[in-house]
Amino acid sequence: EWKNEKHGSQWLNTLNTYAYPVFGDKPIDQVDRQDVLAVLEPIWINKTETATRVRGRIETVINWAKARDLFVGDIPACWEGGLKSILPIPSKVQKVVNHLAMPYQDIPAFMKVLYKLNYASANALKMTIFTACRTSEVLNIQLKEIKDGVWTIPAERMKAGVEHKVPLPTQLMAIIQDSKNLGDGSDSYLFTSLQKQSTLSNAAMTYLLKRLNLADVATVHGFRASFRMWSAEQTNYPREVCEQALAHKLPDKVEAAYMRSDFLEKRKQLMQDWANYITSQLTQEEIDFHSNAVKEGKYLDQKSIT
């Protein structure tokens with residue numbers, strides 16, 4: 001049931017790193033609670049999120065073995081009725097740290113800086129801000145996914161596993177076209193590394209923020225929060241529309257079962273309003289930078305950033 005190959009690799013790597021060194025050479029029917037605790041206790045406080053994933057994955061493997069009659073008895077990695085009485089609850093020991101988010105009031109000024117940069121990672125960051133999408137969704141965008149001003153992200157690339165349609169504002173459509181003309185895009189992917197002839201790395205946009213001396217005030221993922229705060233404080237769009245723009249699931253399962261609209265038409269106006277806001281400090285000349293740069297062959301590269 002892994003979403004993709006990368007997810008499968010991550011799943012197995014955690015077992016290779018934490019579980020196998022402790023009891024990897026034992027027959028599975030001999031693994032007991034002390035073995036599981038020997039894996040979890042050293043990392044439960046300092047690496048709580050990782051530890052909870054390791055626990056769940058050990059439990060899954062042993063559950064599989066039990067279903068195959070390879071294990072008999074209680075599951076030693078079970079939380080309820082087992083480890084919950086020994087280990088502290090994760091929420092009590094793990095400090096929640098939100099992604100740094102640039103205040104939405106500062107984004108129009110930031111866009112003036114970002115619009116001066118015309119290469120793959122900069123254009124990808126512009127698209128991330130315009131669409132409020134997740135990093136992986138933007139980096140893996142394929143040209144075939146864009147049609148009639150709407151970007152359709154397939155279910156296998158979405159966190160919730162559901163296809164998501166993203167309306168693209170007019171300003172972004174120009175950037176997408178220029179990315180293709182600049183050679184950032186290929187026949188399949190829009191943003192590619194010219195050095196490696198592959199999609200950009202997950203760190204490309206983060207590295208750009210560091211080069212712009214913004215790593216202490218903003219993260220790439222944080223621009224989603226910036227958009228959400230703007231939509232809550234500066235617009236009258238319903239909560240459901242704004243949450244759908246972020247591809248969030250409704251917390252109420254009953255409400256979600258009956259709410260089957262993706263609010264695409266309303267989101268088209270929402271995202272255009274957001275685009276108009278974040279480009280509100282740009283002159284028409286700056287907005288036209290992409291087209292002019294493409295025509296004149298004048299592009300700034302990463303060495304030009306100061």
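Cys133 is buried in this predicted model, with a relative accessible area of 3%, whereas Cys78 is partly exposed, at a relative accessible area of 25%; here buried means under 20% relative accessible area, exposed over 50%, and partly exposed in between, computed with a 1.4 Å probe on protein chains only. A disulfide is a covalent bond between the sulfur atoms of two cysteines. With a disulfide taken as a pair of cysteine sulfur atoms within 2.5 Å, the count comes to 0.

The model is a prediction in which local features need pLDDT of at least 70 and side-chain atom pairs count only at pLDDT 80 or more, while totals for chains, interfaces and linings use all residues. Residues are numbered from 1 along each chain as its sequence is written, and side-chain values use heavy atoms, with hydrogens and water left out.

The mean pLDDT of the protein is 85, and 84% of its residues reach 70 or more, pLDDT being the predictor's confidence in each residue, from 0 to 100. Confidence is highest in helix α2 (residues 33-40), at a mean of 96, and lowest in helix α12 (residues 253-258), at 49; helices (H or I, at least four residues) and strands (E, at least two) are DSSP runs, numbered from the N terminus. Over residues 293-306 pLDDT stays under 50, and for these residues the model has 25 contacts beyond four places in sequence, a contact meaning heavy atoms within 4.5 Å.

In helix α9 (residues 204-211), the residues Ala204, Met205, Leu208 and Leu209 are buried. They lie on the same side of α9, because they cover an arc of only 140 degrees around the axis, the arc being that of the directions from the helix axis to the C-beta atoms. The elements covering these buried residues include α5 (107-114), α6 (120-131), α7 (135-139) and α10 (222-234). After α9 comes Asn213, whose phi is positive, near 60 degrees.

Arg267, placed in helix α13 (residues 264-278), counts as buried at 1% relative accessibility. Beyond residues up to four places away in sequence, Arg267 touches His164, Lys165, Val166, Pro167, Val241, Gln244, Ala245 and Asp262.

The largest pocket is lined by 40 residues, of which Lys6, Arg134, Ser136, Lys159 and His221 lie nearest its centre. Two or more residues of this lining come from each of α1 (5-23), α3 (48-67), α7, α9 and α10. A pocket is here an open set of points on a 1 Å grid over the protein atoms alone, where a 1.4 Å probe fits, with protein on both sides within 12 Å along at least five of seven lines, and lining residues have an atom within 4 Å of a point.
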